[in-house]
Amino acid sequence: MSTRSKVFKYEVRNVLRGRAVLLFALCLLVLTEGLLWLGGGGARAVVSLMNVVLYLVPLLSLVFGTMYLYGAREFMELLLAQPVDRGSLFAGVLAGLALPMAMAIAAGIGLPFLWHGGAGGGTAVVALLVVGVFLVGIFTALAVLIVLLFDDRAKGLGAAIVLWLVVAVLYDGALLAVIAAFRDYPIETPLLLLTLLNPIDLARVVLLLSIDVAALMGYTGAAFQRFFGNAWGIGIALVSLVLWAAIPLGLGARRFRRKDF
């Protein structure tokens, strides 16, 4: 068995032993089941779950990932004292941290829809699960990068919370200010580019288009529908989400290889 596989299995067991991820999966399952029973249909449940996935999943991925990795530093230092490849160790730790969170989303949201026969959710449920997994990967990679950049635990945790506030709250406020200031000008293309620069906004657009409510977004919804509502647009959205995970992952891997623990 390779070093990467051994580290991966150890990290998965260690993450699950902490029960925080299991509790998150249980909360998602109860919430989804309640929405399906009381909400009147799968489409309404997806709309209600959308904000949970867009805001809570990035926050938990950042905070839990940051706290877990700071706690695991002594273990990583011990392994690095052995003849262990740093690349394999980095990949095993990251995969072992991200996979349980992704499985929690898949189980907590997917299982209720599965035993309700889909509940009319259709492709919107699939889009919700795919976007949730992407967000876990993106913000777990960002958590790893933060831990490698800040040796102090308090500074790292503060940086993680500030990052979430920027991408989840402040960025949208700035975007609305830009739209209001330049509402008399053709800002369709800059608006699309600004959306690609925020993974949460990009994920929101993909979900809104999957449940076909872009018409309720007015001018911006029409622009997003024209750009993302075809095969090319969906491909660009998925590639952008992959890049959002790959870039911090690559920077983190480079930092991990050079860092003196």
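Let's start with helix α1, residues 3-17. It has 15 residues and reaches 21 Å from its first C-alpha to its last, close to the 21 Å expected at 1.5 Å a residue. Keep in mind that this is a predicted model.

Which residues of α1 are buried? They are Val7, Glu11, Val12 and Val15. These four cover an arc of only 135 degrees around the axis, which puts them on the same side of α1. Here is the background. An α-helix has 3.6 residues a turn, so residues three or four places apart point the same way. Now turn to the face away from the buried side. Exposed Lys6 and Arg17 are carried there. After α1 comes Arg19, with a positive phi near 70 degrees.

Next, the aromatic rings. The whole structure holds three aromatic pairs. One of them involves α1: Tyr10 sits in that helix, and its partner Phe75 sits in helix α4, residues 73-80. Tyr10 counts as partly exposed, at 30% relative accessibility. Phe75 is partly exposed too, at 23%.

Last, the core. The largest nonpolar core has 65 residues. Leu62, Ile109, Phe113, Leu135 and Phe139 touch the most other members. Helix α6, residues 123-149, gives the most to this core: 15 residues. Take Leu135. Beyond its neighbours within four places in sequence, Leu135 contacts Val53, Leu54, Val57, Pro58, Ser61, Pro199 and Ala203.

Key. Residues numbered from 1 in each chain as written. Predicted model: local features only at pLDDT ≥ 70, side-chain atom pairs only at ≥ 80, totals over all residues. Heavy atoms only, no water. Core = buried A, V, L, I, M, F, W, Y, C linked by side-chain atoms within 4.5 Å. Buried < 20%, exposed > 50% of the residue type's maximum accessible area, 1.4 Å probe, protein only. Helix = DSSP H or I, 4+ residues; strand = E, 2+ residues; numbered from the N terminus. Contact = heavy atoms within 4.5 Å. Expected span 1.5 Å × (residues − 1). Arc of directions from axis to C-beta. Phe/Tyr/Trp six-rings, centres within 6.5 Å; stacked < 30°, edge-to-face > 60°.
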